[in-house]
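Open the model in your viewer and keep the sequence panel beside it. The stops below say what to select and what is there.

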Amino acid sequence: MEQEAKCCACETLGTPEQAAQLKAVIEESKSTPGCLMHILQEAQGIYGYLPMQVQKTIAEGLGMSLSEVYGVVTFYSQFSLNPKGKNRISVCLGTACYVKGSDKVLEEVEKELGIKCGECTEDGLFSIDSCRCVGACGLAPVMMIGEEVYGKLTPDKVKGILDSYREATK
Amino acid sequence: MTIKELDAIRASKKELIDVRRLVKEQAEKLAANTGYRKQVLVCGGTGCTSSHSMQVIEHLEKTLKEEGLDDVLVVKTGCFGLCALGPIMIVYPEGAFYAQMTPEHAETVVKQHLVPGGEIVKELLYKGTVMEDGSIIPFAETPFYKKQMRIALRNCGVIAAEDIDEAIAAGDYQAIEKVLTSMTPDEVINEVLASGLRGRGGAGFPTGRKWMFAKASQGDIKYVCCNADEGDPGAFMDRSVLEGDPHCVLEAMTIAGYAIGAHQGYIYVRAEYPVAVQRLKIAIAQAREYGLLGKNILGLGFDFDIDIRLGAGAFVCGEETALMTSIEGHRGEPRPRPPFPAVKGLFGKPTILNNVETWANINPIIVKGAKWYASIGTEKSKGTKVFALGGKITNVGLVEVPMGTTLREIIEEIGGGIPNGKKFKAAQTGGPSGGCIPADLIDTPIDFDNLVAIGSMMGSGGLIVLDEDTCMVDISKFYLEFTADESCGKCNPCRIGTRRLLDMLTKITEGKGEEGDIEKIEALCEHMKASSLCALGQSAPNPVLSTLHHFRKEYEDHIKEHHCEAGVCKALLNYQIDKEKCIGCGMCAKNCPVSAITRTDYVAPGHKLASFEIDPAKCIKCGVCMGNCKFHAVERK
């Protein structure tokens, strides 16, 4: 039982390096008023998401209740309670993209990967999210994979783009 | 830094900037004094970097080095506005406007144009600048730029966005110098009041009045905030200002700080705008280093500093009280007003909050005077407004026009009309809080009050053009999905109202609408407007009400006739095969994912094979058959 509980970052603070980084972020910011959001953003940068143990550590470090921290985490769409894929796909569903058919692009991505928006593939290679406007409306419809922006998309371009990421990891 | 040192920077870079602003002949004369024979400005805004302008810059610099051209200056600027044709690159002093650049094109331009004695590469220029007879007109005279008037965007696409010296030479920090040396706080506020400037974030509240209330509030600690949480999908003008001219925002906030007696500012910016955040960080660091932020600004005894706070993806945080709650590190839920932020805002202290575009107007108002500013625009809406043109329009991009410009001028002249020969149906302004303007109101002069009168609102300035292929019921459903998702849940009218509205709209788009649904929707909308806590819930019904007002028949068609004119609502569509046109090739049946298409016994006159038919019970209305039929035999009804 004890062994099982320590198997993932939900119950521990990840690697010692990650734990040390988190501690440093908390120490550095905790005297600034309104620092919780900043610390959560940094923590998500360290872990890729916000496991419960990380939230507990932040709550303790700031002298707040866990429910307060959890309330903030679940309020903002940027924060995630689940791990994301190695390649984070984000399909823009802002108005400019929507009227140009980004919903069909999202459908195609979901079909191609066999998962729904908000989920992560079993091999951890891809996760899909939708977003509201990356501001590249001139290229609508767009999706982002990591930091890379793919514009002027049509559903039939999706497979080729995803294949290039599959190739890259082989 | 002292004023003298500031002047020295202005003088040293003045001619460099002037080359980019003057007409060709004057610019060519001036270029000799700058030490650079040519200047190449490449857009480094999000639009163009997404279409790989960074690779263009890299390749440009590499080729210049190889060719040994050290008298050509490469400048990474903010947005030029014509995002649809990015990456964009302008060569001065001649003002040659190159569009849709690739690294290979950049190499061609270096070898044919930038070398001594080189000529403009006509085939790579923006088509709008090349006339039929082959002559080249300045880009400022093309339909896209001609009717524009750039006040807020004055430096975007003109200066190197990460270079404070260029910003200073282009006029930034001239206003703070004037304010600190020759104006009292009251004079500053009176100037802003007299200019008639109204908040560009959406509601259009007079900026000067906001400042006046905050100044009148007692307290030793006050705050100045900048709303850069541009959440309206399809609006990106604030991002462009931050990416192209971040210093103008820092300067304006400092001026407001002086006017109301605040010494600390916060910029609340979306984390989804990484380029803007980076440029802001650089700008703040540079301004501190130059003594234009921090203690004793310009040695004139005034202290003011600014910190950045990153948003985390919540639309409601664009609402002023929610934004302040978020800066405080909590869930970004709005608070009831009063007390207004000018009395009790951030951390319980008097606070003013203006959005990025509003801040971008402050410097010109102070430098050129309120009278000049008030001479632009309409009676009650002064100055200019930046719009992000998007959707079904040729020139997608950023435009700034005087208030009172008509929608027709923006769409047909500046925007270049609707692509693919489609018909204009409506323009959506104000995002999820706004409404749709139908084709018969296209000649309405756009200002704050006219837009409200026709059931929409200015909002932050997203202007999405819809053509005949857009279903208005589907569009209002799209906005309700957005607001239902983004409702913070604090007050019932918004939390439950948006959900119920969305349910009813979904029902209609699925062909399950009933008599009386429209009336129920209208009643719910009125309740939400009257009783929601903040602007999100109060304005969430706007997209529904305005489409109902202007396109009621479309709703009725969906409900009574089970018909979607635009062919968007899948449940209401029917695919049929015209048996006279069908040649019986079977491409439709072969590609149908659910095997809903089978051969009939009927052979049309003149054809050899029997035609096909679709079983409506099996059809999932994906439209694949229609895409595969080369003989236009598949129809959608």
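**Stop 1: a helix pair in chain B**

Select α20(B) and α21(B): their crossing is left-handed, a term used when the near helix is turned anticlockwise from the far one by less than a right angle (right-handed if clockwise). Helices here are DSSP runs of H or I with at least four residues, strands are runs of E with at least two, and both are numbered from the N terminus. This is a predicted model, in which local features need pLDDT of at least 70, side-chain atom pairs count only at pLDDT 80 or more, and totals for chains, interfaces and linings use all residues. Residues are numbered from 1 along each chain as its sequence is written, while chains are lettered from A and ligands numbered from 1 in the order in which they are written.

Helix α20 covers residues 472-486 of chain B and helix α21 covers residues 492-509; they pack at an angle of about 150°, with axes 9 Å apart. Axes are lines fitted to C-alpha atoms over the stretch in contact, and angles run from 0 to 180 degrees between N-to-C directions. The angle makes α20(B) roughly antiparallel to α21(B), the word for angles over 145 degrees.

Now show the residues in contact (C-beta atoms, placed from the backbone, within 7 Å). Among them are B:Leu480 and B:Ala484 of α20(B) and B:Leu501 and B:Leu505 of α21(B). By class, this contact has seven nonpolar, five polar and four charged residues. Ala, Val, Leu, Ile, Met, Phe, Trp, Tyr, Cys and Pro count as nonpolar, Asp, Glu, Lys and Arg as charged, and the others, Gly among them, as polar.

**Stop 2: between the chains**

How many residues of chain A are in contact with chain B? Select 30 residues of chain A, which are in contact with 38 of chain B. The elements of chain A that give two or more residues to this side are α3 (36-47), α5 (66-75) and α6 (95-98). The chain A side divides into 19 nonpolar, 10 polar and one charged.

**Stop 3**

Chain A has eight helices and four strands, and its C-alpha trace spans about 50 × 40 × 25 Å along its principal axes. Of its 170 residues, 34% are buried, with 20 or more other C-beta atoms within 10 Å of their own C-beta, placed from the backbone.

**Stop 4: B:Ile88**

Bring chain B back and select B:Ile88. Leaving aside neighbours within four places in sequence, B:Ile88 is in contact with B:Cys43, B:Cys48, B:Phe80, B:Leu82, B:Tyr98 and B:Ala99.

Conventions. Two residues are in contact if their C-beta atoms, placed from the backbone, lie within 7 Å. Angles under 35 degrees count as roughly parallel, over 145 as roughly antiparallel, 65 to 115 as roughly perpendicular and the rest as oblique. A residue is buried if 20 or more other C-beta atoms lie within 10 Å of its own, exposed if 12 or fewer, and partly exposed in between; C-beta atoms are placed from the backbone.
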